[in-house]
Amino acid sequence: MNSRRSWLKQTSLAFVSLGIVPLERFAIPKTENSINEETNLNPIYLRSNENPYGPSALARDAMTKNIISSNRYNWDLTSELISKIAEKNNLVAENIVLGAGSTEILDLVVRYCAINKGSFILADPTFNYWTETAEKLGLKKITVPLTEDKHHDLSAMLKAIEPDTRMIYICNPNNPTGTICEREALVNFINEATRKVIVLVDEAYIDFTNQKSLVNLVKENKNLIIAKTFSKMYGLAGARIGYGIANSGTIEKISQLQSWSNGSVSVASVSGALASIKDEKFVSETYLLNDNTRKYTIEQLERLKIRCIPSHSNFVYFSLANYNKDFFERLEKNNIIGTKIYEENGKWSRITIGTMKEMQQFIKALE
């Protein structure tokens, strides 16, 4: 099985993976591409919730074959991909907008909401790397703490709505905690909140669960927007391809904020996405591998007295409060690239689920 790095080398692509560099300390070796001299181990990337098994063989093959078409614009291919996405979700093409990762979809919604200024609401902690842009565009950030068991406090988020609130963001399953909203409760929340504001639901990790997506609600609800991505389950994080699903009228409005609607994704990336969306075998195998390796990781962390939050994703959220070693030092010495402390109270951190071999090395590093 080829790694993403070897695939890039084979095809001479210069895709750049999403680099998230917050101010907090990351457990990153001095040179990520070099072998750690102390351990003689290649770096183990457990930082950005990437799929360690992807892209699939079908996606790699499709992208390689379509490199030669990179001298042409992506019009025909994007139309085909939008059609396939719409068909998969029992929608029409007018319900879909493509972006360079779901991050571009979040940015588009932020720009749309910022036209009339006001405020936006999100949980704390949650995926928030887009919020700095929102604030620079004049939107005020309102954060609502998660519940004690690290779930979204939907009732508190409803109460936080102000007269000028434009949007509420829900990451489901939530990053970094891996918790998921009970679907009926979330639907009720959306029905109530969208009477006043836009609700943006980020379903980047929904494919790692058995929960049904909310896309069926967009036909009737003009204030619901769903952000989805090929980065996680499909292993195309570096290819940068995602999409938004919403009512056709809403898609028309937010698409007008793209300089070129659906034009920011490369021919190679669209080719990979088209192949991936058909590759049900790869999806089912990835799901099972992640599920088994996640269970192993949680069991082993708890054996080491590290409390874990039940996860519905390809990462685990855990407390280092009772871990008596220097966690980040252990990662660095073993050339494992992790994340940070997300909550000082309880010393909560997150680790991506890699392959079984990688997680065994991760556990061994902590022992």
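A salt bridge is taken here as a side-chain nitrogen of Lys or Arg within 4 Å of a carboxyl oxygen of Asp or Glu. In this predicted model, the contact between arginine 303 and glutamate 367 meets that rule, with the closest N and O atoms 2.5 Å apart. Arginine 303 belongs to helix α10 (residues 280-303), whereas glutamate 367 sits in the segment after α12 (356-366), so the pair ties together parts that are 64 residues apart in sequence. Neither end is buried. Arginine 303 is partly exposed at 43% relative accessible area, and glutamate 367 is partly exposed at 42%.

By the same rule the count comes to eleven salt bridges. Side chains of opposite charge can pair when their charged atoms come close. One of the pairs joins lysine 65 to aspartate 61, with 3.2 Å between the closest N and O atoms. These two residues are four apart in helix α2 (residues 57-66), and therefore about one helical turn separates them. Lysine 65 counts as exposed, because its relative accessibility is 58%. Aspartate 61, at 39%, is partly exposed.

Lysine 150 and glutamate 343 form another salt bridge, at 3.1 Å from N to O. This pair links distant parts of the chain, 193 residues apart. Lysine 150 lies in the loop between β4 and α6 (154-159), and glutamate 343 in strand β12. Both lysine 150 and glutamate 343 are buried. Asp291, Arg294 and Lys295 are linked in a network of salt bridges.

Isoleucine 341 stands opposite serine 349 of β13. The β12-β13 hairpin has four residues between its strands, and glycine 346 there takes a positive phi near 100 degrees. Strand β10 (residues 315-319) also pairs with β13, in the antiparallel sense and over five bridges. Phenylalanine 315 has threonine 352 as its bridge partner in β13.

How many of the five residues of strand β13 are buried? Five of the five in β13 (residues 348-352) are, so the strand is largely enclosed by the rest of the structure. In a regular strand the side chains alternate between the two faces of the sheet. Both faces of β13 are covered. Trp348, Arg350 and Thr352 are buried on one side, and Ser349 and Ile351 on the other.

The chain as a whole has twelve helices and 13 strands. Seven of the strands form an open sheet with mixed pairing, in the order β2-β8-β7-β6-β5-β3-β4. At the edges stand β2 (96-99) and β4 (139-145), each with a single partner strand, so one side of each is left without a neighbour in the sheet. The twist averages 20 degrees from one strand to the next. Within the sheet, β3 (residues 118-124) and β5 (residues 165-171) run parallel and are joined by four bridges.

Helix α8 (residues 248-255) lies across β2, β7 (224-229) and β8, at about 135 degrees to β8.

Of the 367 residues, 56% are buried. Residues 24 or more positions apart account for 73% of the contacts with a separation of 6 or more. The chain exposes about 17100 Å², of which carbon and sulfur atoms supply 48%.

Notes
Residues are numbered from 1 along each chain as its sequence is written. This is a predicted model: local features need pLDDT of at least 70, side-chain atom pairs count only at pLDDT 80 or more; totals for chains, interfaces and linings use all residues. Side-chain values use heavy atoms; hydrogens and water are left out. Buried means under 20% relative accessible area, exposed over 50%, partly exposed in between (1.4 Å probe, protein chains only). Two strands pair if DSSP finds at least two bridges between them. Contact means heavy atoms within 4.5 Å. Accessible areas come from the Shrake-Rupley method with a 1.4 Å probe; for residues, only the protein chains shown count as cover. Axes are lines fitted to C-alpha atoms, for helices over the stretch in contact, and angles run from 0 to 180 degrees between N-to-C directions.
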